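Here is a short note to read beside the model. Take the points in order, and keep the 3D view open.

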Amino acid sequence: MKNLAEAQRYINSYPRPAGLNTHSWNAIKRLALYAWDCHLKGRKFTHSINFLCKEFYLMIRTPEGEYIVPEHHFSHDPSL
């Protein structure tokens with residue numbers, strides 16, 4: 001991703017998981033976009049990440065599979 005518009009298209013390409021309500025899904029997408037904004041602007045991401053939705057973890061990875069947020073921000077293993 002080279003800009004926030006590309007990141008938003010990437011994030012929006014993921015379908016909402018079954019059983020997750022729209023409000024929660026939108027909050028997850030906002031946090032993923034914030035992570036991309038920090039990454040693209042070279043700012044430190046300061047939030048702790050505690051989501052069980054695998055799509056969120058996919059959203060904060062580059063298309064090459066590298067996380068844009070240091071993994072020490074994760075409260076659990078995202079592969080679970």
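1. Start with handedness. A crossing is left-handed if the near helix is turned anticlockwise from the far one by less than a right angle, and right-handed if clockwise. The crossing of H1 and H2 is right-handed. Helices here are DSSP runs (H or I, at least four residues), numbered from the N terminus.

2. This is a predicted model, where local features need pLDDT of at least 70, side-chain atom pairs count only at pLDDT 80 or more, and totals for chains, interfaces and linings use all residues. Residues are numbered from 1 along each chain as its sequence is written, and side-chain values use heavy atoms, with hydrogens and water left out.

3. Now the packing. H1 spans residues 4-12 and H2 residues 22-41; their angle is about 150° and their axes lie 10 Å apart. Axes are lines fitted to C-alpha atoms, for helices over the stretch in contact, and angles run from 0 to 180 degrees between N-to-C directions.

4. Who touches whom (contact: heavy atoms within 4.5 Å)? H1 contributes Leu 4, Ala 7, Gln 8, Tyr 10, Ile 11 and Asn 12. H2 contributes Lys 29, Ala 32, Leu 33, Trp 36, Asp 37 and Leu 40.

5. Check the cysteines. There are 0 disulfides (pairs of cysteine sulfur atoms within 2.5 Å) in the structure. Cys 38 is in none, and its nearest cysteine sulfur, that of Cys 53, is 19 Å away.

6. Confidence comes last. pLDDT is the predictor's confidence in each residue, from 0 to 100. The chain's mean is 89, and 92% of its residues reach 70 or more.

Conventions:
Helices (H or I, at least four residues) and strands (E, at least two) are DSSP runs, numbered from the N terminus. Contact means heavy atoms within 4.5 Å.
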